[in-house]
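Good morning, and thank you for coming. Please look at the sequence and the structure that I am about to show, and keep them in view while I speak.

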Amino acid sequence: MAPDDGDGSAPDRRDGSPLASGDGGHTDSRSRDRRPLVEPVPDAPAATARLDGERALVVADYHAGIEVGLRYERGVELDSAAPRRRERLLSLVDRTDPDRLVVVGDFGHRVSGAGDTERDEIETLLDALAVPVTLVRGNHDAGLAEAFADRLQTTAPGGTRIGRVGFVHGHTWPDPDVLAADVVCVGHEHPAVKLADEVGRARAERAWLRGPLAREPFAEEGVAAEWNAPELVVVPAFNDRSGGTWVNVEGQGFLAPFLPGALPSAQAYLLDGTRLGDYRGV
């Protein structure tokens, strides 16, 4: 995947862009406010969300300490990009002025538990943040709740709902309360699209996926939930070294147990807001 600092340098835009996920067409009193519930930040792998009186900055798949993991997992030697990751996130916090930060899983990188490098990177970031942090536990977050018990609000693996927005990392089936939301945000997939230029050279670009969430796979799994016909927003990975699934390439399957079955159709968008159409036809 091509590196992309995603530092959010474009002008702030809160005008209901095509990327913005809204109220799913509901006609009850909750939907009278037509401002989007979840709106990606232009040119950044991050979004803002309206959460029960708060405004949150939302990111997924930060993967602190990934360079150590790549060394042991793949024999790849890379200098640490921890300072750059931290500055990218802090600049987005400064720009969006949220009341809290929500990390939709995989704050750390090691599956077996946080190592010293991960803990040091996360601690330095938390020291620099002036807002509370909610961690929606992902499959790479073992040990973080214990290591930062007084500094992170950590959810169960099945996720959480804050106001009308649900969050689940995506490595497990979501809790029923998450599915009762109007918009559900998922990480884990690291979605990307494979694009070709005019001379046929291919490149991968991180992408957002947005579409209606289908009820049937959850009913078949026995997940009984209040149903508000939610919109699903698949959040791109914040870490530009974490790779990704090329969702428009045959054979590149989804990772979440409920995908792609629970996402019968979805629009793909680049970080700059470019709408690509249904991801399967890109």
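Let me begin with a question: which residue stands opposite Y269 in β15? The residue is R275.

Before I go further, a word on the source. This is a predicted model, in which local features need pLDDT of at least 70 and side-chain atom pairs count only at pLDDT 80 or more, while totals for chains, interfaces and linings use all residues. Residues are numbered from 1 along each chain as its sequence is written, and side-chain values use heavy atoms, with hydrogens and water left out.

Now the chain as a whole. The chain has 6 helices and 15 strands; helices (H or I, at least four residues) and strands (E, at least two) are DSSP runs, numbered from the N terminus. Of the 282 residues in the chain, 55% are buried. Here buried means under 20% relative accessible area, exposed means over 50%, and partly exposed lies in between, with a 1.4 Å probe and protein chains only. Among contacts between residues at least 6 apart in sequence, 68% join residues at least 24 apart, where contact means heavy atoms within 4.5 Å.

I return to the hairpin with which I began. Strand β14 (267-270) is joined to strand β15 (residues 275-278) by 3 bridges, and the two run antiparallel. Two strands pair if DSSP finds at least two bridges between them. This hairpin has 4 residues between the strands, and G273 takes a positive phi near 95° there.

A second hairpin is made by β10 and β11. Strand β11 (residues 202-212) runs antiparallel to β10, with 5 bridges between them. A196 stands opposite A202 in β11. The hairpin has 5 residues between its strands, and G200 in it takes a positive phi near 90°.

Strand β10 (residues 191-196) also pairs with β13, in the parallel sense, over 2 bridges. A192 stands opposite W246 in β13. In strand β13 (residues 245-246) we also find T245. Is T245 buried or exposed? T245 has a relative accessible area of 11% and is therefore buried. Not counting residues up to four places away in sequence, T245 touches E189, H190, P191, A192, Q252 and G253.

Next, the open sheet of 6 strands. Its order is β1-β2-β3-β4-β5-β6, and its pairing is mixed. At the edges stand β1 (38-40) and β6 (153-154), each with a single partner strand, so one side of each has no neighbour in the sheet. Within this sheet, strand β3 (residues 54-59) and strand β4 (residues 100-103) run parallel, joined by 4 bridges. The bridge partner of L57 in β4 is L101. Helix α2 packs on the sheet and touches β2 (47-51), β3 and β4; the direction of α2 makes about 155° with that of β3.

Helix α2 has a helical neighbour as well. In general, two packed helices are described by the angle between their axes and the distance between the axes. The axes of helix α2 (residues 82-96) and helix α3 (residues 116-128) come within 11 Å and cross at roughly 30°. Axes are lines fitted to C-alpha atoms, for helices over the stretch in contact, and angles run from 0 to 180 degrees between N-to-C directions. Helices α2 and α3 are therefore roughly parallel to each other, since angles under 35 degrees count as roughly parallel, over 145 as roughly antiparallel, 65 to 115 as roughly perpendicular and the rest as oblique. The contact is made by A82, R85, R86, L89 and L90 of α2 and by E121, T124, L125 and A128 of α3.

Finally, I turn to the loops. D61 lies in the loop between β3 and α1 (66-74). With 0% relative accessibility, D61 counts as buried. Leaving aside neighbours within four places in sequence, D61 is in contact with several residues, including D106, H169, H188 and N239. D106 itself is in the loop between β4 and α3, and D106 has a positive phi of about 55° although it is not a glycine. At 2% relative accessibility, D106 also counts as buried.

A229, in the loop between α6 (216-221) and β12 (231-234), also has a positive phi, near 50°. A229 is partly exposed, with a relative accessible area of 43%. My last point concerns the peptide bond from L259 to P260, which is cis, with omega near 5°. Thank you for your attention.
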